[in-house]
Amino acid sequence: MSKKRIGAEAAAAKGWWRAHKWLLARRSSQVAILALFLVGPLTGYWIVKGNLAFSYTLDVLPLTDPYVLLQSLLAGHVPAAKALMGGAIILAFYAVAGGRVYCSWVCPLNAVTDLAAWLRRQLGVKAGARLPRQVRYWMLGATLVLAAVTGTIAWELVNPVSMLHRGLIFGLGAAWALVAVVFLFDLFVVGRGWCGHVCPVGAFYSLLALKSPLRVRTARRAQCDDCMDCYAVCPEMHVIKPALKGAHLGLGPVISSPNCTNCGRCIDVCPRDVFEFGTRLGQWRPT
Amino acid sequence: MEEGKAASSGKARRRQFLLDAARMACGVGVLAGTLALYAKQSRALPPHVLRPPGARPEPSYQGACIRCGLCVRDCPYGILDLAKPEERVATGTPYFIAREKPCEMCESIPCVKACPTGALDHGLTDINKARMGLAVLVDQETCLNYLGMRCEVCYRVCPLIDKAIKLELQQGQTHARFIPTVHSEHCTGCGKCEYACVLDVAAIKIFPIGAVKTDLGARRSAGWQKKAAQ
């Protein structure tokens, strides 16, 4: 392959560590969160009990997945106070941090789909089915309707996100097969297919991020030399263009799409330091 | 001219939008339909599987349980498990199998206290009021007591001995039999009797109450009980 390696230029310009800073931070976050859940069952010393649907930290802090909670409500059950409080805390956190921070910094399936995307680039897989990114919102709607119609949290019967996380903590069983299906789907059928097109959990958290202040900004977009590395690594590449190239339309420099996962990979791979974490509110700081 | 072009391109856009919407609605609809059928299959529990104490009746339990596993963690005897996808219980929900590990009926009911959503009803504060199921002596042809022996293991292990299971004397033609008899007003469905039954396949089993308990109905009631009440 004659194509240059993505991020090589950034590594040369900024050094390897700075070119992988946010990726390493994100993997550390994913591993650390999983480790917190695993310490209890493995050592008998309980820090966090439960899983991502509901967890209880040090017997004081309840955290509940608001999407599951919403499905439960639609199914006709009003959850007890502890679960509702946990849901409120999570809603408040992601409304500020950006909903899809859940996807890129917490979700255990992210490592799987990132691996599929990386392998897809390495193998140069181009072919595949076309799938609109709006499918996830239809999926979200469908899961909510299903909860109301069946009176059960039907989506949790098949949700690979919760199945993988629960499986890692309580025993995986055949859940690995579903994870493998997601991996192969992303690798061969639709690039970034699961997280970027289908997953209703991500769609729910996208809607949470509509007004979230913490954002990636194309602060120094004038320096962009169109190397395209950011587009290549971005799991939601449609979010970049309006901010990066929309100056003449009065768009940007904030990446305002709720689909942005705040993964920070664009900041890493940009050799010219175009991107940075910032807020939606602050002034554009020209440099 | 210009206007006509704009109008037709607007029409084309609208057409494309409707087509896209129809495509997605149909695609997602197929998936949702499949999932709805699967959800329907998962509504009932297999007969040998029991829910923790205080569980709301199926299938509304599956609308209330968010599958966090806190009940599993707080069960001091490690009896509960979360269903794996290949098992016949709704994925991620807690269950136990009486024949393998029956409920120990903790007085403090830690599993119910741990439940954050109330899928296990917090109103259950007396474990003797739990109704996880109902014991039924299903096989009278193999039950050793029915055969005239004095096995009585189910009776001895019952946490509510002489209430939930009583031995009732029955005069046979050749000899007396002591029949283990379950009383539904006391049986919690803990499963100790099913667990302890000495036969290869238990002669006494726990079933969902709705599947085995009938009602005399308003028009048929025992006259002597009525008289006693008056």
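Me: Why is Trp16(A) called partly exposed?
Reply: Its relative accessibility is 46%. Buried means under 20% relative accessible area, exposed over 50%, and partly exposed in between (1.4 Å probe, protein chains only). So Trp16(A) counts as partly exposed. This is a predicted model: local features need pLDDT of at least 70, side-chain atom pairs count only at pLDDT 80 or more, and totals for chains, interfaces and linings use all residues. Residues are numbered from 1 along each chain as its sequence is written, chains are lettered from A and ligands numbered from 1 in the order in which they are written, and side-chain values use heavy atoms, with hydrogens and water left out.

Me: What makes Trp17(A) exposed?
Reply: Its relative accessible area is 62%, so Trp17(A) is exposed.

Me: How many aromatic pairs are there over all chains?
Reply: The count is 11. Rings of Phe, Tyr and Trp (its six-membered ring) pair if their centres lie within 6.5 Å; planes under 30 degrees apart count as stacked, over 60 as edge-to-face and the rest as tilted.

Me: Why is the pair of Trp16(A) and Trp17(A) called edge-to-face?
Reply: The ring centres are 5.3 Å apart and the planes stand at 90°, so the pair is edge-to-face.

Me: What makes the pair of Tyr102(A) and Tyr205(A) stacked?
Reply: The centres are 4.5 Å apart, with 10° between the planes.

Me: Why is Tyr102(A) called buried?
Reply: Its relative accessibility is 5%, so Tyr102(A) counts as buried.

Me: What about Tyr205(A), buried or exposed?
Reply: Tyr205(A) has a relative accessible area of 1%, so it is buried.
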